[in-house]
Amino acid sequence: MIKHLFLIWGLLAALTAEPVLACTSAVVSGKVTPDGRPLLWKNRDTDYLRNHVAYIKGEKYNFIADVNSANFPALKEAWMGTNSVGFALMNTQSYNLVEVKDGEERGAANGRIIYRALEVCATVEDFCHFLDTISKPSLIEANFGVIDAQGAAAMFEVDYYKYTMYDANNPKDAPYGYIARTNFSFAGEANRGAGYVRYMEADRVLMRASATGGITPQGIFNDLSRSFRNGMLDIDLKNGKFNRPQGSGWFVDQDFIPRNSTSCSIVVQGVKPGEKVELTTMWTMLGYPPTGIAVPLWVKDADRLLPPMVCWDKACAAAPLSDWSLRLSNNVFCYNQGMGTNRYLNWEKLYNMENNGYMQQLVTVEAEVFRRTCLLLDSWRQQGSIDSQEMQKLYQDVEALVRKVYTPLMEQ
């Protein structure tokens, strides 16, 4: 316990050391998923916590994507999405690929690149060509994860002039069938950047799951997006030792995968080669993941059928789903007595021995969302296409479930 106290004091001295843009991500080959479909995951950290999902009619392909509610569509930026031909793309900011000049914004073009690539790329090969032909210096500093409808899955580490590609289907690049990234690049300068502790945790969870073919969207949300394990401290808040009466019920938000700056967590579940690309599913959790619920979205009919809870709403200047989650997270990060204190989290609010913490109640509803959705997905895969009427009914039912659980929690 004394060792832990010294480590925690050290963390308190470095509360502002890690950059805000601190995403955690992975691209997973279909070779190590139980159904053979590739996965693309991102926990997004940003200054722009209020997000929504937008439908964009692109130059070649239409797409849905997570966007900043504050500056979209004025800025054509997207931060993760999938398009009408099953191409999906996300990024994490890297901090060790480029020596930026004073006053220069890191990765200034990252969001614009995702937006543009989603509207013109159909495959990982197309994305390679896209990176080859854009003007240089590109103002990119990022790790880009990509999957497509042909089963390709790759991670690109990109700087102003060049990129390094890692193929998740190639054992030389990905011996366990997945590639995880946080905020440093393997091709960059060693021991610089950020997110090494988060990377180690993501790698630990994914390696174990890949050995049994057990990497799934639901597993990613439960074991990664909502992870409260810190490998450096050798602790897991979920073991109960930090809850009352053994502990105070409070802890410091440092190097967990979900952070107080997390705006969403998304898993795109691709298709098997030969399946209709419209079956590509974007499982979307807006807001702080421990106070969020993942819901399924599809590009098909997204111009008219996307559920209102993920779309921009003038009343809350974001998607309602984002707003609901962030309102609960404000009760978790509720200590504001002086500078830096917003990094303390009220763990008892999220998770407790009475099993009524926000996270514990919301995960139960999310499990029902997955159950209902997976039954329909199995049916659609067998018939070869999405039934729009069934999709619309699912959206309505899921929104009713989600609203029902959030309403009393926000009134407490």
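Trainee: What makes β6 and β7 a pair, and in which sense do they run?

Mentor: Strand β6, residues 88–93, and β7 are joined over six bridges, in the antiparallel sense. Two strands pair when there are at least two bridges between them, so six bridges meet that condition. Bear in mind that the model is predicted.

Trainee: Which strand pairs with β7 over six bridges besides β6, and in what sense?

Mentor: Strand β8, residues 153–158, pairs with β7 in the antiparallel sense, over six bridges. Ala142 stands opposite Val158 in β8. The hairpin of β7 and β8 has five residues between the strands, and Gly151 takes a positive phi near 95° there.

Trainee: How do you know whether strand β7 is enclosed or open to the outside?

Mentor: Count its buried residues. A residue is buried when its relative accessible area is under 20%. Six of the six residues of β7, 142–147, are buried, so the strand is largely enclosed by the rest of the structure.

Trainee: Which residues point which way from β7?

Mentor: Ala142, Phe144 and Val146 point one way, while Asn143, Gly145 and Ile147 point the other way; all are buried. In a regular strand, side chains alternate between the two faces of the sheet.

Trainee: How do you know where the buried residues of α3 lie around the helix?

Mentor: First list them: in helix α3, residues 124–133, the buried residues are Val124, Phe127, Cys128, Phe130 and Leu131. Seen down the axis of α3, they fall within an arc of 160°, so they line one face of the helix. On the other side, Glu125, His129 and Thr133 are exposed; exposed means over 50% relative accessible area.

Trainee: What do the buried residues of α3 pack against?

Mentor: They pack against β6, β7, β8, β9 (163–167) and α2 (110–120).

Trainee: How many bridges join β1 to β2?

Mentor: Five, between β1 (residues 24–28) and β2 (residues 39–45), which run antiparallel. Val28 stands opposite Leu39 in β2.

Trainee: What about strand β3: how many of its residues are buried?

Mentor: Five of the six residues of β3, 51–56, are buried, so this strand is largely enclosed by the rest of the structure. β3 is joined by six bridges to strand β4, residues 63–68, and the two run antiparallel. Asn51 has Asn68 as its bridge partner in β4. The hairpin that β3 and β4 form has six residues between them.

Trainee: How do you know whether the radius of gyration of the protein chain agrees with that of a compact globule?

Mentor: Set the two values side by side. A compact globule of 412 residues would have a radius of gyration near 22 Å; the protein chain has 20 Å, which agrees. Of the 412 residues, 59% count as buried.

Trainee: How many helices and strands are there in the protein chain?

Mentor: The protein chain has ten helices and 17 strands.

Note on methods:
Residues are numbered from 1 along each chain as its sequence is written. This is a predicted model: local features need pLDDT of at least 70, side-chain atom pairs count only at pLDDT 80 or more; totals for chains, interfaces and linings use all residues. Side-chain values use heavy atoms; hydrogens and water are left out. Buried means under 20% relative accessible area, exposed over 50%, partly exposed in between (1.4 Å probe, protein chains only). Helices (H or I, at least four residues) and strands (E, at least two) are DSSP runs, numbered from the N terminus. The arc is that of the directions from the helix axis to the C-beta atoms. Contact means heavy atoms within 4.5 Å. The radius of gyration is taken over C-alpha atoms; the globule rule is 2.2 Å times the number of residues to the power 0.38.
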